[in-house]
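Please walk me through this structure.

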Amino acid sequence: MFLEERESTHVYRQKRMFTKEELETRERLCVHEQPAFCNAACPLKLDAKAMLQAVAENDFKKALQLYEKITPFPHVLSAGCEAPCEGSCLLCRMGEGVAIRKLEQAVCAYGEKGRKGLPRMKKKKTVAIFGSGLFSLFLAGELQKKAYPVTVFCAENDLQHYFDAETGFVSARARESSLLALKGMDIQFRFQTDLGQLSSLREGFDVVCASWEAVKDCTDWEEALMYSRELKIVTGKTSGVLGAAFGAKKAALSVDRLAQNLDPSNTRGEEGTVETKLFVDLTDVKASNQCIGSGTREEAVAEAGRCIQCTCDACVKACAYLQHYKKYPRILTREIYNNVSIIMGDHMMNKPINACALCGQCSVVCPNGYDVGEICHIARQNMVTTGKMPLAPHEFALMDMLFSNHEAFLCRPQPGFEQCKYVFFPGCQAAAIAPDTVAAAYRDLCERLEGGVAIMLGCCGAICDWAGRYEMYDETKAFLDEQLKSLGSPVVIAGCPTCKKELSGHEGLVLTGIWDILTEIGLPESAKGLDTPAALHDSCGARGDRQTQDAIRGLAQRMGCTLVDTPYCADKSPCCGYGGLTQYTNREIARKMTQKCLERSELPYISYCMACRDRFAREGRESKHILELVYGTNAGSPPDISQKRYNRLSLKQELLRQIWNEETEEMDFGFNIEYSPEVTALMDDRMILKSDIIAVLQQLRQTGEAVLDGETGLCIARARLGNVTFWVKYQEIEGGYRVFGAYSHRMNVVRRQG
Amino acid sequence: MAEKNYYTIDPMGKLQCMKCRVPLEKGKAKFMYLDNGFPVELPVCPQCGFVYVPEELALGKVLAVERALEDK
Ligand code: SF4
Ligand code: SF4
Ligand code: SF4
Ligand SMILES: [Zn+2]
């Protein structure tokens, strides 16, 4: 029984994962790139978050650069800005917000000026500004930044008085610096102007601006544009320091448009404050108070250090897979979408698509339910459809599933019953990892439940579902349904939450968990909890299944276990690394997932999925499946891949012998094989089964084909089994072979003529 | 014109075919995968045509090419 290899690389088929609209709808769910609350509240669009980070890193030069981006007069602005950012700071929800304005002042005081950029080519169009005051000052600064030849007409006698007009709130030192800056700007001044002469003085200028006071009789102006269509003057009423600065920004943009003979409302982009949908997890954040005091450099650094650099990373914090790829779901989604859409060439995202555990943790920890697992699952199915899904990463698991549902499959009604009220479905992993526990559970259910309990040993189909092989999944589903029907459509007692979840997709099937049955009928005498406190790990298969999560806790407590709460428990639980076939497709990430599960507690772990139990034990943690505690069994140290198959087969045979009194075939192939422990470990690592070795040696016995390596003295034989060629290094011994090594490849090798 | 070989191994008399009891020789072979072919020279039995793929080759170059093709 073999699987079909993926299609030729020269077959070009394409199918979209979903429409562009759906892609965008999904992407929009992620708020990671939304602005921080402080940034969103600033109409001048200061990147306060970045500025604070620079200050916290004692980089005042960079901080000043960021601050200068939004204003030509940082000293003036920071001295009087009404600072709506401060009120919006997320920290205000607990303790005091960050003292952003005082930090801006510190940035002005301690930030060394960068070198002046090269002088820019002046623009051709000329601009006149009439009047003085903050709006005039800021606007003059903005326009000279934009390289317009600017002329300011004011009633004042000199630059000092022009500057002083509305800047009384600025400290003496800051004034000095600002005045110096103003002097350095390339702006023409006409002092002692009679502003009443505006209409004649404006002659010859391409664009005219004026302070509100200078155009007294203006009745018709648009605040959004700072423009009077009636007078053709860029002007408007502003209030406060920030208001003047923001008004000047809008005005400068209108000047730009007018200078190009466009309507000032033309393509202005987003101006002013914005709404942010950012979500920040405050669980680990403690309330604190401002510490800027008199504003020394050290105090500023400390105060900026209070900023928590608001961002959403709830999913990445929780998931080892996202951490591994260092990508946020939105980017990941886009790259996956593009990967699936390309017909030719390297599909760089195949590995990430196949490495996700499809566990759905992201969809629960994300404030907007972003489900990366669903996207990877759709992508996998898509790749299967277009023939682009490589078989290699999933083949072992799929073959394992076929093994579970053929050689190791068992479906029997309890002796004495033709049809049963129940059927126990322990799941393929339980049979592979803890066969004795499964047998004990089945005996107990037969004994204590009325109406007959059938058994069904097999795989629920999760494996092919995870691999994206939907046709195989449908076949598996139909096969299981048919088997269940033959038993009289009994109530299915799942032994594994993932099986329960997968089986819940079958129509008309009545489903429960062994944990629910045990809750109802009580624990057997064998039940005994752990003596020490333990951490409970919720199975990702039970996400959203509160009843199961609670039932397990109830059973553990009834057995006398002391359960300790861990972060990310219940619905938020991470996957152990088995889900989605990560264990097969990417061992490195799977291992990181396991470690992420285990970093939550130092204690022994109790789980209710056999795969979790297995992976935790492999990491060296004391690990028990709840059923081991219920039945006083011990599955011992984790089995290798061959042992897992053997366990499934021998569980079936043992049940047949002991419960149904059936003779079973001896598992004998007619010769002996010796393996050293190193070879067994190597085979486990290379996913080579003992049954593969046997097949190679059987072929050797039929054909006599092998090579003798004169250097090592070892013989090497091979066999092509399905899509893989296996090579075995051996020596003949009495009655059989001693195996020294094994390796495999998927490529076919043939002789070439000529 | 000689075809380009992606890989060449000369057994140098160190390998023997167990079935034919003769030394393997450098011979022409071809790797095939997902509809792509790569001409190579590998140890081949001059009599029965057994082609030997050594471990280093299987786990090195062959694996790398497999992986690259799988994601095409
Ligand atoms: S949890 Fe992740 S996916 Fe959800 S909004 Fe935050 S960063 Fe985006
Ligand atoms: S904590 Fe920092 S990033 Fe968040 S709103 Fe406050 S100042 Fe902005
Ligand atoms: S591994 Fe789980 S939590 Fe991480 S992206 Fe995949 S489905 Fe989401
Ligand atoms: Zn030969």
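Read from the N terminus, chain B runs β-β-β-β-α. That is four strands and one helix, where helices (H or I, at least four residues) and strands (E, at least two) are DSSP runs numbered from the N terminus. This is a predicted model, in which local features need pLDDT of at least 70, side-chain atom pairs count only at pLDDT 80 or more, and totals for chains, interfaces and linings use all residues. Residues are numbered from 1 along each chain as its sequence is written, chains are lettered from A and ligands numbered from 1 in the order in which they are written, and side-chain values use heavy atoms, with hydrogens and water left out.

The C-alpha trace of chain B spans about 40 × 30 × 20 Å along its principal axes. Of its 72 residues, 50% are buried. Buried means under 20% relative accessible area, exposed means over 50%, and partly exposed lies in between (1.4 Å probe, protein chains only).

Now go to the zinc ion, ligand 4. B:Cys17, B:Cys20, B:Cys45 and B:Cys48 coordinate it through their SG atoms, at 2.3 Å. Donors here are N, O and S atoms within 2.8 Å of the metal (3.2 Å for Na, K and Ca); water is not among the atoms, so sites may look incomplete. Along the chain, the donors of this zinc ion follow the spacing C-x2-C-x24-C-x2-C. B:Cys20 lies in the loop between strand 1 (15-17) and strand 2 (22-23) of chain B, and B:Cys48 in the loop between strand 4 (36-44) and helix 1 (55-70), so the pair ties together parts that are 28 residues apart in sequence. B:Cys20 is buried, at 19% relative accessible area. B:Cys48 is partly exposed, at 33%.

The ideal angle for four tetrahedral donors is 109.5 degrees.

Chain A holds the residues around the other ligands discussed here. A residue is near a molecule if one of its heavy atoms lies within 4 Å of it. Around ligand 1 stand, among others, A:Cys30, A:His32, A:Cys312, A:Cys315 and A:Cys366. By class, this shell has 10 nonpolar, one polar and no charged residues. Ala, Val, Leu, Ile, Met, Phe, Trp, Tyr, Cys and Pro count as nonpolar, Asp, Glu, Lys and Arg as charged, and the others, Gly among them, as polar.

Ligand 2 has 13 residues around it, and A:Cys38, A:Cys89, A:Leu90, A:Cys307 and A:Cys310 come nearest. Helix 2 (37-41) and helix 3 (48-56) of chain A each give two or more residues to this shell. The shell around ligand 2 has 12 nonpolar, no polar and one charged residues.

Ligand 3 is also surrounded by 13 residues, the closest being A:Cys319, A:Cys356, A:Cys359, A:Gly360 and A:Cys362. Helix 15 (320-325), helix 18 (361-365) and helix 19 (372-386) of chain A each supply two or more of the shell. The shell around ligand 3 divides into 10 nonpolar, three polar and no charged residues.

Last, the backbone. Most residues other than glycine have a negative phi. A:Lys45 has a positive phi of about 65 degrees, and lies in the loop between helix 2 and helix 3 of chain A.
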